[in-house]
Amino acid sequence: MGTSNTKKGRSTVIFLDIDGVLNKHTDISEQKYFINETLLENFKQLVDRTGSKIVLSSTWRLSKPAVEILNKTFDEYGIPRISSKTSNIQSSSSCNFSERPEEIYLWLKINTDYFDKKIKITNFVILDDMDLIKEKSFAEYRQGHFVKIDPVDGLTKEKVAEAIKILEYV
Ligand SMILES: [Mg+2]
C-alpha cells in the first residue's frame, strides 16, 4: 500500500457500485458502460479527501471491457485505479444482486483485519443504490458503513459528505 492510501494513519476502503452511483437511472447514453462526469467529480473529492482504496462491488467487475473503461476514466480524472474486486458468488436464485452483502463480507474477511489479522484497515464504506441494509445476510457488519444512494441522483455532494463522515470516524 502506498502513502496515498494513508491519511493521518488511516487505511480505508470504499466498496463501489457503479450503476445508480456514478451514473443516474435517468442518464441517457448510447454507451453500454456510461459514467456521469459530474458524479465522477464528486467521487474524486471523496477519494482525494480520504485516500481510500477502491474495491469494485458492482457487476461491472464481471466484464473486462467495463473494468478497462472504468480504470481509463479514473486515469483521466486522476483517480487511483481499482485496487480489488469482490468475488462473484454464484447464486442459485435468478437475482444475483442479493449476494452482494456476502461478497463484500467475504472480501473484508479474506483481505483485512476487520474480522481477522491481515491487512489493517481503519474503516470502510459501502456505496450502493440497492438498500443493502435490508438484505438479510451478515446484516450487522454493514451497520454504520453504508451510504444508500438514490439512483435518481447518483453520488451527490451530500452523499460524499456522509461517506467522509464514516471513513473519518474514529
Ligand atoms: Mg447499482
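A residue is called buried if 20 or more other C-beta atoms lie within 10 Å of its own, exposed if 12 or fewer do, and partly exposed in between. The model shown here is predicted.

Begin with helix H1, which runs over residues 37-50. Helix H1 has 14 residues and reaches 20 Å from its first C-alpha to its last, close to the 20 Å expected at 1.5 Å a residue. Its buried residues are Leu39, Asn42, Phe43, Leu46, Val47 and Thr50. An α-helix has 3.6 residues a turn, so residues three or four places apart point the same way. Just after H1 comes Gly51, which takes a positive phi of about 65°.

Next, consider what H1 packs against. Two packed helices are described by the angle between their axes and the distance between the axes. For H1 and helix H5 (residues 157-167), the angle is about 20° and the axes are 9 Å apart. H1 is therefore roughly parallel to H5, and the crossing of the two is right-handed. On the H1 side, the contact is made by Asn42, Gln45, Leu46, Arg49 and Thr50. On the H5 side, Lys157, Val160, Ala163, Ile164 and Leu167 take part.

Finally, turn to helix H2 (residues 64-77), where Ile69 is found. Is Ile69 buried, exposed or partly exposed? Ile69 counts as partly exposed because it has 17 C-beta neighbours inside 10 Å. Ile69 and Ile35 are 34 residues apart in sequence, and their C-alpha atoms are 9.2 Å apart in space.

Conventions
Residues numbered from 1 in each chain as written. Predicted model: local features only at pLDDT ≥ 70, side-chain atom pairs only at ≥ 80, totals over all residues. Helix = DSSP H or I, 4+ residues; strand = E, 2+ residues; numbered from the N terminus. Expected span 1.5 Å × (residues − 1). Axes fitted to C-alpha atoms, helices over the stretch in contact; angles between N-to-C directions. Parallel < 35°, antiparallel > 145°, perpendicular 65-115°, else oblique. Left-handed = near helix turned anticlockwise from the far one by under 90°. Contact = placed C-beta atoms within 7 Å.
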